[in-house]
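Subject: Structure for your review

Dear colleague,

My notes on it follow.

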Amino acid sequence: MSLYQLSKLMFDLNRDNAVKEAFRADPRQVIVKYDLDDEERRAIMDPDIGLLYVLGVNGQLLMHYAALLGIEWSDYLQRMRDGVKMHGPVRAGIYTMTTSPDEKVAG
Amino acid sequence: MSLVFVGVCSHAPGITGREERAPRELRDELYAGYATMRAALEDTKPDALIVIAAEHFANFFMNNMPSFALGMADQYHGPIEDADWLRVPQRTVKGAADLSRRIISAIMQTVDVSYCEEWKFDHGIMVPLHFLDPGNKLPVIPANINCQGPPLTPLHRAWAFGDAIRRAADTVPERIALVGTGGISHWPATPDSGRINEAWDREFLDKWSRNDRDAMLAYKDTEIYRNAGQGGFEIRTFISAAAAARGRGNVICYTPIPIYAVGCTTATMEIV
């Protein structure tokens with residue numbers, strides 16, 4: 001469990017173009033620099049947006065990461081709902097879900 | 001000279017990035033609200049604009065999270081987000097390092113603030129600038145309150161920060177404008193995105209408009225989280241703006257737009 005490291009990776013991707021380029025070229029070369037466990041590595045490599053959400057990644061980081069991957073807004077929201085269905089409730093952080101996985105608020 | 005303008009507005013990325021997905025009349029009402037706010041800002045002929053933001057991990061992270069930060073550079077860049085996703089073009093924004101240094105020095109007399117000679121703007125500053133300074137003319141001084149990584153800046157400290165900005169602005173010869181930017185209730189970037197607690201928002205805006213310090217500072221983060229979501233923590237920026245202005249607020253528009261994920265707000269506040 002290294003949510004801080006996982007979040008740090010997304011923070012670096014969020015703001016640093018060199019990290020973005022390196023990640024696009026070969027994500028494995030980037031993620032080895034962060035102390036991640038197997039589940040976290042898998043969530044990044046798949047990429048499994050729903051699992052990243054459930055692991056507790058702050059939505060402001062995850063939203064930008066999804067945008068970086070070219071995931072469209074409504075698809076991004078659906079992937080989080082699917083993630084909660086598959087992996088259970090959000091495990092950490094302040095971006096928990098208050099609606100049900102089958103409920104669509106907007107988008 | 002002094003503080004010449006105070007306003008607050010929303011900054012949600014959907015306002016530009018998902019612009020066409022809102023009902024046309026609501027989108028137009030909001031965009032007109034920004035235009036009114038921009039005209040009021042321009043009328044005061046400011047020399048520089050301080051934007052109090054609630055940034056989203058563009059610069060500050062849990063390795064070293066300041067309660068308060070101010071920029072002290074001659075230029076800034078943004079947005080950090082994919083420009084196609086946000087639909088706000090990249091720009092280099094003029095700073096005002098010397099003015100920043102004087103303002104920061106004055107603020108530091110009462111509030112401990114981090115100063116930053118580098119600062120990347122995210123949607124939290126770029127969306128407001130897109131509407132309020134489309135010509136990219138105003139020198140900008142970014143300011144930030146930690147509304148993202150708990151433990152968060154306490155509300156009464158946000159008030160103290162705004163009060164310190166006011167006193168600092170009053171000590172410099174330049175004409176200073178101030179814009180606080182944040183959401184009221186919202187659940188951004190979660191599956192709940194689009195949920196808006198309009199009653200809570202209107203109650204908060206009423207307290208803000210009356211500049212009722214005690215009522216604004218009586219909120220507790222547990223209650224904000226329950227009723228206004230994690231996005232509600234950004235009321236800190238509104239509270240700082242109220243502390244700086246000391247007058248009554250005038251809400252230009254408040255329009256809940258679920259696809260933009262927030263009750264979209266533009267407002268100005270009388271400076272007394």
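This is a predicted model: local features need pLDDT of at least 70, side-chain atom pairs count only at pLDDT 80 or more; totals for chains, interfaces and linings use all residues.

With which residue does R167(B) form a salt bridge? The partner is D163(B), and the closest N and O atoms are 3.3 Å apart; a salt bridge here is a side-chain nitrogen of Lys or Arg within 4 Å of a carboxyl oxygen of Asp or Glu.

Residues are numbered from 1 along each chain as its sequence is written, chains are lettered from A and ligands numbered from 1 in the order in which they are written, and side-chain values use heavy atoms, with hydrogens and water left out.

Helix 6 of chain B

R167(B) and D163(B) are 4 residues apart in helix 6 of chain B, so about one helical turn separates them. Helices (H or I, at least four residues) and strands (E, at least two) are DSSP runs, numbered from the N terminus. R167(B) is partly exposed, at a relative accessible area of 36%, and D163(B) is partly exposed at 22%; buried means under 20% relative accessible area, exposed over 50%, and partly exposed in between (1.4 Å probe, protein chains only). Helix 6 spans residues 155-169 and reaches 21 Å from its first C-alpha to its last. That is close to the expected 21 Å, the expected span being 1.5 Å times one less than the number of residues. Of its 15 residues, 11 are buried, among them W159(B), F161(B) and R166(B).

Strand 3 of chain B

Strand 3 (residues 68-71) of chain B is covered on both faces: F68(B) and L70(B) are buried on one side, A69(B) and G71(B) on the other. Strand 3 runs antiparallel to strand 7 (residues 140-145) of chain B, with 3 bridges joining them, and L70(B) stands opposite A143(B). With strand 6 (residues 114-116) of chain B, strand 3 runs parallel, again through 3 bridges; here A69(B) stands opposite S114(B). Two strands pair if DSSP finds at least two bridges between them.

Other salt bridges

Over all chains the count is 24 salt bridges. One of these joins K85(A) and D102(A), at 2.8 Å from N to O. K85(A) lies in helix 7 (residues 73-87) of chain A and D102(A) in the segment after that helix, so the pair ties together parts that are 17 residues apart in sequence. K85(A) is exposed, with a relative accessible area of 52%, and D102(A) is exposed at 64%. In chain B, D98(B) pairs with R102(B) at 3.0 Å, both lying in helix 4 (residues 97-107) of chain B. E19(B), R24(B), R27(B) and D28(B) are linked in a network of salt bridges.

The contact between the chains

The contact (heavy atoms within 4.5 Å) takes 32 residues from chain B and 32 residues from chain A. The two chains bury about 2,900 Å² between them, 60% of it on carbon and sulfur atoms; buried area is the accessible area (1.4 Å probe) that two parts lose on being put together, summed over both. In chain B, F61(B), A189(B) and P191(B) lose the most area to chain A, together 24% of what that side buries. There is 1 salt bridge between chain B and chain A, and R21(B) forms a salt bridge with E72(A), the closest N and O atoms being 3.1 Å apart.
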